[in-house]
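Dear colleague,

My notes on it follow.

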Amino acid sequence: SVRDWARTQTGNERTTELRRRHARWFLEVAERCDRGLRTTAEAAAHRRLADATSDIGRAVDWALEHDPGVAASFIVALGHYGYTRLWSAPVDWARRAVADAAGDLDPAPFAVLAADAAHRMRFDDAERLATSALTSLLPAARAFALEVLSDTAVYQGDLTGASRLFDTFVKVGHSGQHIRIADDSAFKLDDQLQRAISFATLNQG
């Protein structure tokens, strides 16, 4: 009957709204933790993400089907965590986002695919994908792409290029677009990259 159909529609709309709220709640968690990973709160951010993995997975699965913009934000927010923890889910989600895209695709997922390519020492692919991600509308994706390009330059011994890209990465943070960078020395940005530059410099000497 029409009444039954209306009840079903109302139930579906409520379910959709609950799933949307669930996704946005855990997107905020992921983005907050992503910022924390680059601060002295890194350990706490790692623990929070580890505790939220199941909920985040359900939220991303829903977003990939119903809200590609939220899915892209999730993928980027979790990219650094996945890259440093060898957690493959963000890469898998990025591949799904690219494969499922109908029409124009914001290239944000390419930043995560670039990090995966760099980890596998496919530097040409990493540079190509990261460069594509620099055109994303998401500031976080552009910042992560710069980070990947910096890492890739270090891996290939291009310290001048790495330094230039790293400076740009810092400026992105100072503009307030992605990463808050405090002036005190306790708030350090990308220690791993700095150590890599120091190590490479010593080995060139």
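Leaving aside neighbours within four places in sequence, E42 is in contact with G36 and L37, contact meaning heavy atoms within 4.5 Å. E42 lies in helix α2 (residues 42–51); helices are DSSP runs of H or I with at least four residues, numbered from the N terminus. E42 counts as partly exposed because its relative accessibility is 38% (buried is under 20% relative accessible area, exposed over 50%, partly exposed in between, with a 1.4 Å probe and protein chains only).

This is a predicted model, in which local features need pLDDT of at least 70 and side-chain atom pairs count only at pLDDT 80 or more, while totals for chains, interfaces and linings use all residues. Residues are numbered from 1 along each chain as its sequence is written, and side-chain values use heavy atoms, with hydrogens and water left out.

The axes of helix α5 (residues 89–100) and helix α6 (residues 109–119) come within 9 Å and cross at roughly 130°; axes are lines fitted to C-alpha atoms over the stretch in contact, and angles run from 0 to 180 degrees between N-to-C directions. α5 is therefore oblique to α6 (under 35 degrees is roughly parallel, over 145 roughly antiparallel, 65 to 115 roughly perpendicular, the rest oblique). On the α5 side the contact involves P90, V91, A94, R95, A97 and V98, and on the α6 side P109, F110, V112, L113 and D116.

In helix α7 (residues 123–133), the buried residues are F123, A126, L129, A130 and A133. Their cover includes α6 and α8 (139–155).

Yours sincerely

Technical notes
Helix = DSSP H or I, 4+ residues; strand = E, 2+ residues; numbered from the N terminus.
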